[in-house]
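Colleague: I have a model open and would like to go through how its parts pack. Can we take it by question and answer?

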Amino acid sequence: MIKAHGVSWRYGANPVIDGVSVTAQPGRVLGLIGPNGSGKTTLLRLLYGALRSPTGSVTVDGSALTALSPREAALRMAVVVQETGGETALTVAEMVLLGRGPHLSTFQRTGRADHEIAARCLARVGATHLGPRAFGGLSGGERQRVLIARALAQQATHLLLDEPTNHLDIRYQHEVLALVRGLGTCSVVVLHDLNLAARYCDDLVLLGTGGVAAAGPVDEVLDPAILEPVYGIGIKRLDLDGHLHLLFQPLEETVA
Amino acid sequence: MSTVLSEVREHDVLGVGAQRRRTAFWLSVLTLGLVVTGVVAVGTGAIAIAPATVARIIVHQLFGLGETTWTPPQEAIVWQVRLPRVLLGVLVGAGLAVSGVALQAMVRNVLADPYLLGINSGASSGAAAAILFGAGAGFGQYALSTSAFLGALAASLLVFLIARSGGRVTSIRLLLSGVAVGYALYATTSFLIFASGSAEGARSVMFWLLGSLGLARWDALLTVATLVIGGTTLYLTVVGRKLDALAIGDETAHTLGLSPDRFRMRLLVIVSLCVGVLVSASGSIGFVGLVVPHLARRLVGATHVRVVPVAALLGAILLIWADVIARVLLAPQEIPIGIITALLGAPFLLILIRRLHATGS
């Protein structure tokens, strides 16, 4: 469980996140949604400690994040960031094996068990065939899957992903999120696409200007009455075959 | 049975075993190459000595074994003159190469090398001050080295302080402040040469700026250099995985359990110390730190735990041969080794740039 209480961050004089509290429940997928510039990525970075909030606190399974060493934090939280490292000359296999780093002591090299875990994680994202290839030579979608494999190889108790569906075609968008959901670990996902959020998240935090506009189970947050003022777009909600779908329409057209 | 099969299959998928075998192969080949290179280089010069004789003299000196079948002058040439020089070559070559590897990972730029941090320029300014104005005279025979070392340390400290902002040192800041400090100190050195008005002094400073292993002898400096470069190479190999993570990006390094800022600072201090010692012993030698890491990556891939030791061996071999060329080409006159490394390194770099462009990576 990751719990943030009253965290803030400002870029220059401009507060992006101001006294925000969120909780990622064990075994559930929490989606962070909101329009551009609402601070989704900033909030995620506060959760995994790349940014240290001057106010409030972040706890992971009850321990204060500030009290954990970087390595202890890496054993509890695996993160898929947007920085891809596309210039690296590492192979895909080496990239995934880096995820085993937090489990190894300084003088230890990766062993057979680590290689098996890495191979399994590559297989899980359907990237086994990429193993020996140079990471830098992959397409955006292939890279994204490899980075997710690395996060899986880290075998942390929490998984955080910053727009993991970027660069992925529609099939892999669903496969990756279904995979995350199927893990059963406490996950936090920054998502742009509200329909993906509707399908694969349990809980949602909707960020508006400066703070949380709504938080709760998917069903409650994805309410057109809540979403429309935050996104500034007309939204129609459909329930089809037990799944929630959102349709969008510019507001002017609705008025006209 | 099926688990064994699946293990084998998984092994192949990752290619880790093949990579390790390849690394072991190159490490053995290069170690052998280094020994052969060393013996041949010691035997080469104005007075040629057969490699077998060189080997026997060294074994005799080290372990007191074997019959004396050589003349005392031969022994003096091998043991007193050329061997320390070749050893210094090994240290300088290995040190520059591993410093280059660390810096390229640290600033995530494949064109980074020790010059970039302005360390070489700082050392040169220190050396110029010692040669032209007798700075550091209190250190006796080590005046030049000490002065150069202090210059190197001051330069890297300056670069570091400029690059530091709010407790963080970012790659791009480090790069830019290194270039700026480098230029400023280069100008300082030139100014010192003009201000002194000594033609003789200017000549020795020039020689220093272009690098030379001619100052090598069995002294405290060689011991210090051995410890520092040996320690740096060992350290960088051990933290190889962390270098891999840092080379990808700060955010990635952080999520993999590393404190990128702290690690970068530690690396910077270690590399500065290493380059400071090198430059104080041999002057400014370019291109080794830039080119050798690329060669090493071509041989064994990009993981630092493999690149660092391979680069150290390659750098050592390359520098010894560069020094042999420097001694032999216009004998009895000796060419500054920096000229040779630049002449060899520049075309190589051009090929590299074209390759990088062609593969689009």
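Modeller: What follows is a set of questions and answers on this predicted model.

Colleague: Start with the sheet in chain A. Which are the edge strands of the open sheet of 4 strands?

Modeller: The open sheet has the strand order 2-1-4-5, with antiparallel pairing. An edge strand pairs on one side only. The edge strands are strand 2 (14-24) and strand 5 (63-64) of chain A.

Colleague: Which residue of strand 5 of chain A is the bridge partner of A:V60?

Modeller: Strand 4 of chain A spans residues 57-60. Strand 4 and strand 5 of chain A pair in the antiparallel sense over 2 bridges. The bridge partner of A:V60 is A:S63.

Colleague: Helix 1 of chain A lies across strands. At about what angle does the helix run to strand 1 of chain A?

Modeller: Helix 1 of chain A lies across strand 1 (2-11), strand 2 and strand 4 of chain A. Its angle is given relative to strand 1 of chain A, and that angle is about 125°.

Colleague: How many of the 8 residues of helix 1 of chain A are buried?

Modeller: The buried residues are A:K40, A:T42, A:L43, A:L44, A:R45, A:L46 and A:L47. Helix 1 of chain A is largely enclosed by the rest of the structure, because the buried count among its 8 residues is 7.

Colleague: Which residue just after helix 1 of chain A takes a positive phi?

Modeller: The place to look is just after helix 1 of chain A. The phi there is about 85°, and the residue is A:G49.

Colleague: How far apart in space are A:G34 and A:T209, C-alpha to C-alpha?

Modeller: Leaving aside neighbours within four places in sequence, A:G34 is in contact with A:K40, A:L206, A:L207, A:G208 and A:V230. A:G34 and A:T209 are 175 residues apart in sequence. Their C-alpha to C-alpha separation in space is 9.1 Å.

Colleague: Further along chain A, how many residues of strand 11 are buried?

Modeller: Strand 11 of chain A covers residues 234-240. The strand is hardly covered. Among its 7 residues, the buried count is 0.

Colleague: Which residue in the turn between strand 11 and strand 12 of chain A has a positive phi?

Modeller: Strand 11 and strand 12 (residues 243-249) of chain A pair in the antiparallel sense over 7 bridges. A:L238 stands opposite A:H245 in strand 12. The two strands form a hairpin with 2 residues between them. The turn residue, with a phi of about 50°, is A:D241.

Colleague: Over to chain B. Are helix 5 and helix 8 of chain B roughly parallel or roughly antiparallel?

Modeller: The axes of helix 5 (residues 119-133) and helix 8 (residues 199-210) of chain B come within 9 Å and cross at roughly 155°. Angles over 145 degrees count as roughly antiparallel. Therefore helix 5 of chain B is, relative to helix 8 of chain B, roughly antiparallel.

Colleague: How many charged residues are in the contact of helix 5 with helix 8 of chain B?

Modeller: The crossing is right-handed. Helix 5 of chain B gives B:S124, B:A127, B:A128, B:I131 and B:L132, while helix 8 of chain B gives B:G201, B:S204, B:V205, B:W208 and B:L209. By class there are 7 nonpolar and 3 polar residues, and the charged number is none.

Colleague: Which residues of helix 14 of chain B meet helix 9 of chain B?

Modeller: Helix 9 (residues 220-238) and helix 14 (residues 304-328) of chain B pack at about 155°, with axes 7 Å apart. Helix 9 of chain B brings B:T233, B:L236 and B:T237. From helix 14 of chain B come B:V305, B:V308, B:P309 and B:A312.

Colleague: Last, the two chains. How many charged residues has the side of chain B that touches chain A?

Modeller: The contact takes 28 residues from chain B and 33 residues from chain A. Helix 1 (2-14), helix 10 (240-248) and helix 11 (250-255) of chain B each give two or more residues to that side. By class, the side of chain B has 10 nonpolar and 11 polar residues, and the charged count is 7.

Conventions: Residues numbered from 1 in each chain as written. Chains lettered and ligands numbered in written order. Predicted model: local features only at pLDDT ≥ 70, side-chain atom pairs only at ≥ 80, totals over all residues. Axes fitted to C-alpha atoms, helices over the stretch in contact; angles between N-to-C directions. Parallel < 35°, antiparallel > 145°, perpendicular 65-115°, else oblique. Left-handed = near helix turned anticlockwise from the far one by under 90°. Contact = placed C-beta atoms within 7 Å. Nonpolar A, V, L, I, M, F, W, Y, C, P; charged D, E, K, R; others polar. Pairing = 2+ DSSP bridges. Buried ≥ 20, exposed ≤ 12 C-beta atoms within 10 Å, placed from the backbone.
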